[in-house]
Amino acid sequence: MDKVLIFDTTLRDGEQAAGAGLSVQDKLQIAQQLEKLGVDVIEAGFPLSSLGDFDAVQTIAERIKNSVVCALAHANPDAIDKAWEAVKKAKCPRIHVFLSASDIHLLYQLKKSRDEILQISRDMVARAKKYTGDVEFSPMDATRTDRSYIYQILEAVIKAGATTVNIPDTVGYAVPQEYGDLITDIFNNVPNIDKAVVSVHCHNDLGLAVANSLEAIRRGARQVECTINGIGERAGNASMEEIVMAIKTRNDAYCLDTNIDTTQIYKSSRLVSELTGFIVQPNKAIIGANAFRHQSGIHQDGVIKKAITYEIMDPKTVGIPASSLVLGKLSGRHAFKDRLAELGFMLEGDSFNHAFLAFKELADKKREVTDRDIESLVKEELRTTSEVYHLDHIEVSCGDHSIPTATVRLIGPDGKSVADAALGTGPVDAVYEAINRIVRVSNKLTEFTVKSVTEGIDAIGEVLIRIESDGVTYTGRGADTDIIVASAKAYMNALNRLLAAEKARKE
Ligand code: KIV
Ligand code: ZN
């Protein structure tokens, strides 16, 4: 069966989504999960765009062994040299060169003629080719570009050494039939097209990114560019999990295959959501909380009798854990460890002991501890393993006739505990002020959200915050049954990320 290559751009186009704010460590963690997931290509970043992106691409290039690591560069000598500098240690490095091709972009943005763009495209692919055999070229805004000009560019860049040619629907303007026709026409009109893989890259401005990508592979495209959870610039990119599961579930329609280990999809989705702070909508296909939930009585009756009545996919194939047992306060270390393994977490030593204690504490407060609770606990544990400051104690007093007051005690980088207190406009503000009196780094809180992990008054509350410092956004998360404590943990998490980034910059 023909294979469709999965090119994941979560770390590049996905990270271009407003407010994503991933650190180098976050990106490495996601890249390692993408490798486990089996993506063929990881687009790790755009090295010329920032020092952070350069570092991330370099770090990922050094660690990833089973996927191609790709660095993006616009068609400019410095960008290409920088991309190579960042990606050269990868086992399989790729440089992805892009340049606008539509008259709209040429006229209003680049102010260059078609001939000039053609020449630059050719020259820059040749420059990248001197560094590596694996070169991709994208004529940006291809779906609003004159067809005959696209053919000309593609023929020229393939001659110059491009081994993959990508057809971006940069502004999400195409509709499936038209985009499919473009791909067919490219196969019929570019004489040397058999020397390159045809790739597609669709944005979701009209909600058609997945439909357009699927139509393109039906017409012969063999690489799809996509992101986990569909995150990306504006309305996002084509969602990886939807494309992969459509190809798998409707194998009869596509007769194609991918190298993806679909059982890693759920974990990848949760990780990207956790680190970017972008919550997955409940009705999101494949990985939303409601994707496999049956509410209506008729549907429930059918699924109990035979799942196939209302389920076209087995949730296990996307890695959604099937919980046979509910954990509670009588559950022991073994049961907890087994459930962790089922959920894909391997905690050992102190990390396991801390997580088990947190589980016992929660089980005392809650009758039933669900998988989502356990996931939340473990993530809280993992967040605190590399802290500069650790939240040791917190006390708050507030009410409708009192001034909110908070006392906090933190363990500092030298291992000593420091306590301070502050007043605030509300309990969370008072806690943040008290923390600020100890950890003195200037920052502005730009986002604060609270949600409960499960239903019920005893649920764990998860707090997501974003802070900004020197123009950089840092995300923080915290989880606890007490939302003031969760808020404090989220703030400490964001501050610790900020401090780690500052330390890395200085080094
Ligand atoms: O959407 C786009 O055109 C891009 C290119 C850089 C491929 O992201
Ligand atoms: Zn894009």
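An oxygen atom of ligand 1 sits 3.0 Å from an N or O atom in the side chain of His203. That is a polar contact, meaning a pair of N or O atoms within 3.5 Å; within protein, one must be able to donate a hydrogen and the other to accept it, and residues adjacent in sequence count only if both atoms are side-chain atoms. This is a predicted model, in which local features need pLDDT of at least 70 and side-chain atom pairs count only at pLDDT 80 or more, while totals for chains, interfaces and linings use all residues. Side-chain values use heavy atoms, without hydrogens and water; residues are numbered from 1 along each chain as its sequence is written, and chains are lettered from A and ligands numbered from 1 in the order in which they are written.

**Ligand 1**

- Thr170 has a side-chain N or O atom 2.7 Å from an oxygen atom of ligand 1.
- For Asp13, a polar side-chain atom lies 3.1 Å from an oxygen atom of ligand 1.
- On its own, ligand 1 has 260 Å² of accessible area, and the protein covers 95% of that (Shrake-Rupley method, 1.4 Å probe; for residues, only the protein chains shown count as cover).
- Residues around ligand 1 include Arg12, His96, Phe98, Ser138 and His201 (a heavy atom within 4 Å).
- Strand S5 (93–100), strand S6 (135–140) and strand S7 (164–169) each give two or more residues to this shell.
- Helices (H or I, at least four residues) and strands (E, at least two) are DSSP runs, numbered from the N terminus.
- The shell has three nonpolar, six polar and two charged residues (Ala, Val, Leu, Ile, Met, Phe, Trp, Tyr, Cys and Pro count as nonpolar, Asp, Glu, Lys and Arg as charged, and the others, Gly among them, as polar).

**Sheet S14-S15-S16**

- Three strands form this open sheet, and their pairing is antiparallel (strands pair if DSSP finds at least two bridges between them).
- Strand S14 (444–452) and strand S16 (472–480) are at the edges with a single partner strand each, so one side of each has no neighbour in the sheet.
- Strand S15 (residues 461–469) is joined to S16 by nine bridges.
- Glu462 has Ala479 in S16 as its bridge partner.
- Helix H15 (residues 371–383) packs on the sheet and touches S14, S15 and S16; its direction makes about 125° with that of S16.
- Contact means heavy atoms within 4.5 Å; axes are lines fitted to C-alpha atoms, for helices over the stretch in contact, and angles run from 0 to 180 degrees between N-to-C directions.

**Sheet S11-S12-S13**

- This open sheet also has three strands with antiparallel pairing.
- Strand S11 (390–397) and strand S13 (417–423) are its edge strands.
- Seven bridges link S11 to strand S12 (residues 405–411).
- Val396 stands opposite Ala406 in S12.
- Helix H17 (residues 483–506) lies across S11 and S12, at about 140° to S11.
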